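Here are my notes on the strands, for your review. Please read them beside the model.

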Amino acid sequence: MPPVHPCSLSNVINTFTQTARHSRCCFYGNVDVGQAVSVEELQRAYHAVVLSYGAEGNRMMGVPGEELPGVFSAKDFVAWYNGVPSSRELSPSLSCDTAVILGQGNVALDVARILLSPADVLQRTDITQQALQALAESQVRRVLIVGRRGPMQVACTIKEVREMVNLPGGRADMLAADFEGVAEALTALPRPRRRLTELMMKTALSSEQQRSSGASRVWGFRFFRSPVEVLASPDRSRAAGVRLAVTRLEGEGEGARAVLTGEVEDVSCGLVISSIGYKSLAIDPSVPFDSRKAIVPNAMGRVQQADGVYCSGWVKTGPTGVIATTMNNSFDTARSLLDDMQSGRLDVSAVKPGSQSIASLLDSRGVKPVSFSDWEKIDSEEMKRGEAAGKPREKLLSVEEMLQVAHA
């Protein structure tokens, strides 16, 4: 999912809660669409079906060595410290000095911030206790955030960069050469991009002065670099470095393309995190899916060749944008659906059984869904455990434990 500011998150939670508690809304959690119930069965029960299941797959780097121990996707690493049950056994080794993150989006910076934040700062968050303990004992003191293009094409936003700049006990380490010619191009940039680039330039200039500051944690962008291999330790038991191809740009602005120069450089590290993007997965054979773009093919949210089926979010657009982007994108899909109802393109004249038939269907298959009130029990239990530990919440780390609480 897109990174979310705490205030935005609070608004999202409040809005979702109001919707989920509405008398005309039925929440069915812990139901695997495509397995427990098919999209065709949902279509028989409802006049319209909206697919909004996000992007849970990883994009692979496609380089030798990415299968080595010590190499993780950002998706799995974030899921580990956020307490997602499927990643609770990840147990990344943080015994090395240097970590390399491949990709320069907001998720990459979130991972860098978590790796370098002091334990007393993390203690005040809802990071799981097992992740907190591992991070408190971490030996990682240097994080490099690598991207194939330049400062003016970086994919993160200013908020995430500012959080890194203000990291307690941290300092930036940039390469001045990466910013050559950037100052002259600033005036032509849109305001948000200009402010972000100015902050990075200021940080790069001050990084030389900070070298003697005694900061215990170091982070930095490395631009114009693209991974070509994850290097193994002598016994090939784990990752020991990354080989990076040096690039240059062809073209200008957002459309500039990175091309290889023929040069390579090796960076020693014991932890490699790939943050090159998420991808949506096909959910059901009856739903068209573009495996190359990893989206459900659609026009303004209307799924192609599937009347009455719509999509929104990352499964509609691909994994791009922040929460506001996704929200506006979803509004567009809702407008398409309402327009189709009004125009008659979506036939709502026939009576459909709705949630009652789905509830009966799931029951006949032995599927016991989690209702919204069940979910609120889980939420309450997590907050209660968090309060006892002096944290916002302490998350339940297994689906089994969640279901025990939900159905108690």
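Predicted model: local features only at pLDDT ≥ 70, side-chain atom pairs only at ≥ 80, totals over all residues.

1. Residues are numbered from 1 along each chain as its sequence is written, and side-chain values use heavy atoms, without hydrogens and water.

2. Start with β7, residues 217-222. Strands here are DSSP E runs of at least two residues, numbered from the N terminus. Six of the six residues in β7 are buried (under 20% relative accessible area, 1.4 Å probe, protein chains only).

3. In a regular strand, side chains alternate between the two faces of the sheet. Both faces of β7 are covered. Arg 217, Trp 219 and Phe 221 are buried on one side; Val 218, Gly 220 and Arg 222 are buried on the other.

4. What pairs with β7? Strand β5 (residues 142-146) does, in the parallel sense over five bridges; pairing requires at least two DSSP bridges between the strands. Val 146 has Arg 222 of β7 as its bridge partner. Strand β6 (residues 170-172) also pairs with β7, parallel, over three bridges. There, Arg 171 stands opposite Val 218.

5. A three-stranded open sheet runs β8-β9-β10, with antiparallel pairing. β8 (225-232) and β10 (257-268) are at the edges, each with a single partner strand, so one side of each has no neighbour in the sheet.

6. Strand β9 (residues 239-250) pairs with β10 over nine bridges, antiparallel. Leu 244 has Glu 265 in β10 as its bridge partner.

Definitions and conventions:
Buried < 20%, exposed > 50% of the residue type's maximum accessible area, 1.4 Å probe, protein only. Helix = DSSP H or I, 4+ residues; strand = E, 2+ residues; numbered from the N terminus.
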